[in-house]
Amino acid sequence: MPNYQLVYFNGRGRAELCRLIFHAAGVPFEDIRLDHTKGEWPGEWKAKCPFGQLPVLVVDGKMLAQSKAAARYLAREFNLAGKTSWDQARADMFIDEFDDISTELYKISHEKDEAKKAELREKFNADTLPRHLGYLENLLKENNGGNGYFVGDSLTWAGLGIANVYDLLGGTDAPFAKFPLLLALAKRVRENPKVAEYLKTRAQTSF
Amino acid sequence: MPSYKLVYFNGRGRAELSRLIFKAAGVPFEDVRLDSSKGEWPGEWKAKAPFGQLPLLFVDGKVLAQSKAVARYLAKEFNLAGKTSWEQARCDMFIDEFEDIGAEVYKFAFEKDEAKKAELSGKFNSETLPRHLGYLEALLKENNGGKGYFVGDSLTWAGLGIANVYDLLGGTDAPFAKFPLLLALAKRVRENPKVAEYLKTRAQTPF
């Protein structure tokens with residue numbers, strides 16, 4: 001078993017999908033959370049990071065940057081990426097869509113003007129998010145009626161991804177009110193024994 | 001050989017990397033370019049799009065969305081994705097970094113306020129872009145002195161990606177003035193016989 005280190009800040013953010021993959025697969029890893037108020041970031045880490053950013057995944061001392069590249073590598077290693085090349089591509093497609101949703105959220109959270117921020121948030125909730133979730137609900141339904149998974153007939157990192165989106169959207173059922181299949185999948189994934197165990201003990205963080 | 005159809009607008013944009021992969025691999029495909037001024041988009045295509053957007057890849061009639069998922073699927077099919085799982089992850093990492101550069105360009109490319117646009121593009125050119133290119137130059141150098149490729153010892157879609165970034169940045173050497181290894185790689189890829197043939201005959205488009 002290789003030695004894994006995942007390096008990020010103390011939060012879910014761009015590292016949580018990797019953490020969920022490790023936990024769902026039951027693979028141990030060093031979950032390094034840097035406290036920038038103590039100078040741990042940039043500290044000695046920034047110079048080691050391929051693009052000067054976190055998260056980074058370190059596998060037997062070799063570095064991998066970019067959160068989705070790291071998550072995909074882990075998913076593949078732990079047989080959570082999809083069973084065929086096509087299934088893997090479909091899983092990638094869902095992951096990129098979740099990334100589009102979080103990009104919209106980051107735009108809002110980085111907006112400094114409070115009035116503009118409220119306007120962006122309103123548009124996101126009324127328009128952007130329902131549009132994204134609507135597409136996802138339909139695609140889920142196309143896969144054997146939607147009572148299973150996004151891709152194939154078993155858990156992939158795409159399923160872990162929607163569970164992560166659930167948290168990103170506030171960790172309540174409310175955003176999914178009109179998207180019952182999606183909500184059921186997110187809950188099914190969160191109730192997976194290894195995932196549930198992790199969620200029970202996971203640090204509560206502000207992001 | 002499966003039947004491939006790539007659907008996008010008449011421009012490089014988010015489809016060009018996939019086109020470069022097809023061309024570099026010497027694999028024929030239907031290069032569908034929709035003219036929205038003639039109603040071809042949304043037309044009948046939008047309803048077929050998993051997330052209502054382009055580009056789309058059809059493989060024997062099955063659809064894949066999200067430009068990076070599409071490009072990665074093709075790269076893997078045509079042995080341009082990296083020879084090991086780790087190399088594939090490193091390619092993914094470079095591709096994501098190119099995407100980050102593209103995202104920065106898109107921020108000001110669509111800015112309507114001319115003063116704001118000048119401010120954003122100024123910051124991009126003096127600060128953001130050199131930072132990204134600097135990291136890429138250093139990473140390229142780490143791979144056998146940087147005279148070959150980003151990953152391993154043969155062309156991958158990461159190499160095609162930097163050639164695509166060259167075009168995104170205006171198709172001149174100027175942005176790469178301080179990054180000689182990157183420039184040499186971009187040119188080496190553009191001079192690959194199949195790529196060069198495509199570049200000679202490729203439609204000139206505004207994006």
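What follows is what I looked up, entry by entry.

**Ground rules.** I am working with a predicted model, where local features need pLDDT of at least 70, side-chain atom pairs count only at pLDDT 80 or more, and totals for chains, interfaces and linings use all residues. Residues are numbered from 1 along each chain as its sequence is written, chains are lettered from A and ligands numbered from 1 in the order in which they are written, and side-chain values use heavy atoms, with hydrogens and water left out.

**Second largest pocket.** I started with its volume, which is about 350 Å³. I noted how that is defined: on a 1 Å grid over the protein atoms alone, a pocket is an open set of points where a 1.4 Å probe fits, with protein on both sides within 12 Å along at least five of seven lines, and lining residues have an atom within 4 Å of a point. Grid points are joined across faces, edges and corners, and the volume is the space filled by probe spheres set on them.

I then listed the lining: 18 residues, with Arg90(A), Leu139(A), Glu142(A), Pro50(B) and Val63(B) nearest the centre. Helix H3 (85-109) and helix H4 (114-142) of chain A, and strand E4 (62-65) of chain B, each supply at least two lining residues. H4(A) gives the most, with 4 residues. Helices (H or I, at least four residues) and strands (E, at least two) are DSSP runs numbered from the N terminus.

By class I have 9 nonpolar, 3 polar and 6 charged residues in the lining. Ala, Val, Leu, Ile, Met, Phe, Trp, Tyr, Cys and Pro count as nonpolar, Asp, Glu, Lys and Arg as charged, and the others, Gly among them, as polar.

**Helix H7 of chain A.** Which residues of this helix (193-201) are buried? I found Val195(A), Tyr198(A) and Leu199(A). My cut-offs are under 20% relative accessible area for buried, over 50% for exposed and partly exposed in between (1.4 Å probe, protein chains only).

The cover over the buried residues includes H1, E2, H5 and H6 of chain A. At the start of H7(A), a side-chain oxygen of Asn192(A) comes within 3.1 Å of the backbone nitrogen of Lys194(A).

**Helix H2 of chain B.** I counted 10 of its 11 residues (67-77) as buried, so the helix is largely enclosed by the rest of the structure. Lys68(B), Arg72(B) and Lys76(B) are among them. Just after H2(B) comes Asn79(B), with a positive phi of about 55°. Asn79(B) sits in the loop between H2 and H3 of chain B and is exposed, at 68% relative accessible area.

Asp60(A) is exposed, at 53%, in the loop between E3 and E4 of chain A.

I also logged a cis peptide bond between Leu54(A) and Pro55(A), omega about 5°, and one between Leu54(B) and Pro55(B), omega about 5°. Pro55(B) lies in the loop between E2 and E3 of chain B.

Definitions and conventions
Contact means heavy atoms within 4.5 Å. A polar contact is a pair of N or O atoms within 3.5 Å; within protein, one must be able to donate a hydrogen and the other to accept it, and residues adjacent in sequence count only if both atoms are side-chain atoms.
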